[in-house]
Amino acid sequence: MLVRVTEDEIRPEVVIDSLERSIHGAVTTFMGTVRKYTDDRTVEYLDYEAYPEMAEAKLQQIVDELKSRDEIEDISVVHRIGRLSVGETSLIVAVASLHRRLGFETCLDAVERIKEIVPVWKKEVWAEGEVWVRSEGA
Amino acid sequence: MKVQARFFALYRERVGQSTVDFDLAEGATVADLVASVMQAYPGLSPDPAKLVVAVNREYAEHTEPLRDGDEAAFIPPVSGGV
């Protein structure tokens, strides 16, 4: 298991190698990457900011919740913060499970939970301006 | 008692600081802190009742009491992941 918020580049093989490898039959991974277009804007880069101590605690909480499912052997999650360019990986979730279906489902559930409760924010910067995604008006 | 308010992302930009200490009366709640913060930084939020606050890294209701030395973080709507 690996649970981390980091400014370092995400290396998928390190995250996958961190999974327990005694009984599982499937490893399912999801990587979120910086997309070039949002609506009609061309993104130059994203600035990710976290409340690091709480973000790691919430990631750990999500991992603990999902690991209690039957057939889920291990889960690793790394969220990158700082400035990311188009195409770079901001998030990786890796799930070790006995069978494929629960692996895919758990991987998706982990990403959805992360987007709900983990205190990480992204500012989208394009040529003519910038915006804190989902925050304006709050 | 002293409570440390922390601001992140959009709220950090609106307040202009990452951390600000507030002196509150004994028995003060999160709502009292929110009121003090709004008085000091009226531009923080158009809807203070909906501000999300985490006390010592756990999401907290506005009715929750605070203690001396608590860390209270103002959490804008999160947008991590992808």
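Residues are numbered from 1 along each chain as its sequence is written, and chains are lettered from A in the order in which they are written. Because the model is predicted, local features need pLDDT of at least 70 and side-chain atom pairs count only at pLDDT 80 or more, while totals for chains, interfaces and linings use all residues.

Chain A has an open sheet of four strands in the order 1-5-7-2, with mixed pairing. Helices (H or I, at least four residues) and strands (E, at least two) are DSSP runs, numbered from the N terminus; two strands pair if DSSP finds at least two bridges between them. Strand 1 (3-6) and strand 2 of chain A are at the edges with a single partner strand each, so one side of each has no neighbour in the sheet. On average, neighbouring strands of this sheet are turned by 10° against each other, direction ignored. The axes behind such angles are lines fitted to C-alpha atoms, for helices over the stretch in contact, and angles run from 0 to 180 degrees between N-to-C directions. Strand 2 and strand 7 of chain A run antiparallel and are joined by eight bridges. In strand 7 of chain A, V95(A) is the bridge partner of T28(A).

Two helices lie across strands of chain A. Helix 2 of chain A lies across strand 1 and strand 5, running at about 160° to strand 5. Helix 3 of chain A lies across strand 2, strand 5 and strand 7, at about 145° to strand 7.

In helix 3 of chain A, the residues G103(A), T106(A), C107(A), A110(A) and I114(A) are buried. A residue is buried if 20 or more other C-beta atoms, placed from the backbone, lie within 10 Å of its own, exposed if 12 or fewer, and partly exposed in between. The buried residues of helix 3 of chain A fall within an arc of 105° seen down the axis, so they line one face of the helix; the arc is that of the directions from the helix axis to the C-beta atoms. The face turned away from the buried side carries the exposed residues R101(A), E112(A) and E116(A). Strand 2, helix 2, strand 5 (72-80) and strand 7 of chain A are among the elements that cover the buried residues of helix 3.

In chain B, helix 2 (residues 30-40) has the buried residues V30(B), L33(B), V34(B) and V37(B). They cover an arc of only 100° around the axis, which puts them on the same side of the helix. Y11(B), in helix 1 (residues 9-15) of chain B, is buried, with 25 other C-beta atoms within 10 Å. Y11(B) touches L44(B), F74(B) and P76(B), not counting residues up to four places away in sequence; two residues are in contact if their C-beta atoms, placed from the backbone, lie within 7 Å.

The loop between strand 3 and strand 4 of chain B holds N56(B) and R57(B). N56(B) has a positive phi of about 50° although it is not a glycine, and phi of R57(B) is near 75°.

Finally, the contact between the chains takes 24 residues from chain A and 15 residues from chain B.
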